[in-house]
Amino acid sequence: MVSGSVDESIRQTEAGVGFSFPTDYIRFARESGGSGTAGWFGEMYLMLFPIGDLAVLHRVHNDAEHMPGFVAFGSDGGGELFGFDFRASPPLIVMVGNVSSGWSDAIVQATSFDEFMDKRRRGEPFDFSTE
């Protein structure tokens, strides 16, 4: 995917979810060609969804109604989703279950996408604590 089409996908996705992504995530989307990535980071598996899929997932999961301000960008390949909490500025990175009952289930993972990915590169586990 060429940069122009990645930038167009970013714009379309932002319009579809109703939020503007932080610059560190946009940089990742551009560097990955918009295709996302998947792999093991230490003992943790992480899938980062293609940028073009985010608006569809947002709509299918009905996040605008169920968890206003949440936009998923990835998964652990099992029962957890990772996404932005746009209720905060800048948005936090949170983990929620695929069958979450709402914001009360969200667990903050990082204060930025870069911090989230730095933790993965160091092989740090996801934070499952509820406190």
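Here is a friendly chat about a predicted model, going through its strands, core and salt bridges.

Q: Hi! Where should I start with the strands: how do E1 and E2 pair?
A: Strand E1 covers residues 37-41, and it pairs with E2 in the antiparallel sense over five bridges. The two strands form a hairpin with two residues between them.

Q: What's going on with Gly42 in that turn?
A: Gly42 has a positive phi of about 65°.

Q: And which residue in E2 is the bridge partner of Trp40?
A: That's Tyr45. Tyr45 belongs to the uncovered face of E2, together with Met47.

Q: Which residues make up the covered face of E2, then?
A: Met44, Leu46 and Leu48. The strand itself spans residues 44-48.

Q: Let's stay with Met44. Is it buried or exposed?
A: Met44 counts as buried because its relative accessibility is 17%, and the cut-off for buried is under 20%.

Q: Which residues is Met44 in contact with, leaving aside its neighbours within four places in sequence?
A: Gly39, Glu124, Pro125 and Phe126. As for Asp76, that residue is 32 residues from Met44 in sequence, while the C-alpha to C-alpha separation in space is 7.4 Å.

Q: OK, next strand. How many bridges are there between E2 and E3?
A: Two, and the pairing is antiparallel. E3 runs over residues 70-75. On that side, Met47 of the uncovered face of E2 stands opposite Ser75 in E3.

Q: What does E3 do with E4?
A: E3 and E4 run antiparallel and are joined by five bridges. They also form a hairpin, this time with four residues between the strands. Gly77 sits in the turn and has a positive phi of about 80°.

Q: Which residue in E4 is the bridge partner of Val71?
A: Phe84 is the partner of Val71.

Q: Is E4 mostly covered or uncovered?
A: Mostly covered: E4 takes in residues 80-85, and five of its six residues are buried.

Q: And how does E4 link up with E5?
A: Through six bridges, with the two strands running antiparallel. E5 is made of residues 92-97. One of the pairs is Gly83 with Val94 in E5. E4 and E5 form a hairpin too, with six residues between them.

Q: Changing topic: how many residues are in the largest nonpolar core?
A: There are 36. The members that touch the most others are Phe21, Tyr25, Phe73, Phe113 and Phe116.

Q: What is Phe21 in contact with, apart from its neighbours in sequence?
A: Leaving aside residues within four places of it, Phe21 contacts Thr13, Glu14, Ile26, Ile51, Leu54, Val71, Phe84 and Phe86.

Q: Now salt bridges. How many does the whole structure have?
A: A search finds seven. One of them joins Arg30 and Asp7, with the closest N and O atoms 2.7 Å apart.

Q: Why does that pair tie together separate parts?
A: Because Arg30 lies in helix H2 (residues 23-31) and Asp7 in helix H1 (residues 3-17), the pair links parts that are 23 residues apart in sequence.

Q: Are those two buried or exposed?
A: They sit in separate categories. Arg30 is partly exposed, with a relative accessible area of 46%, whereas Asp7 is buried at 18%.

Q: Which residue forms a salt bridge with Asp114?
A: Arg27, with the closest N and O atoms 2.5 Å apart. Asp114 lies in helix H5 (residues 113-121) and Arg27 in helix H2, so this pair ties together parts 87 residues apart in sequence. Asp114 is partly exposed at 31% relative accessibility, and Arg27 is partly exposed at 37%.

Methods
Residues numbered from 1 in each chain as written. Predicted model: local features only at pLDDT ≥ 70, side-chain atom pairs only at ≥ 80, totals over all residues. Heavy atoms only, no water. Core = buried A, V, L, I, M, F, W, Y, C linked by side-chain atoms within 4.5 Å. Buried < 20%, exposed > 50% of the residue type's maximum accessible area, 1.4 Å probe, protein only. Contact = heavy atoms within 4.5 Å. Salt bridge = Lys/Arg side-chain N within 4 Å of Asp/Glu carboxyl O. Pairing = 2+ DSSP bridges.
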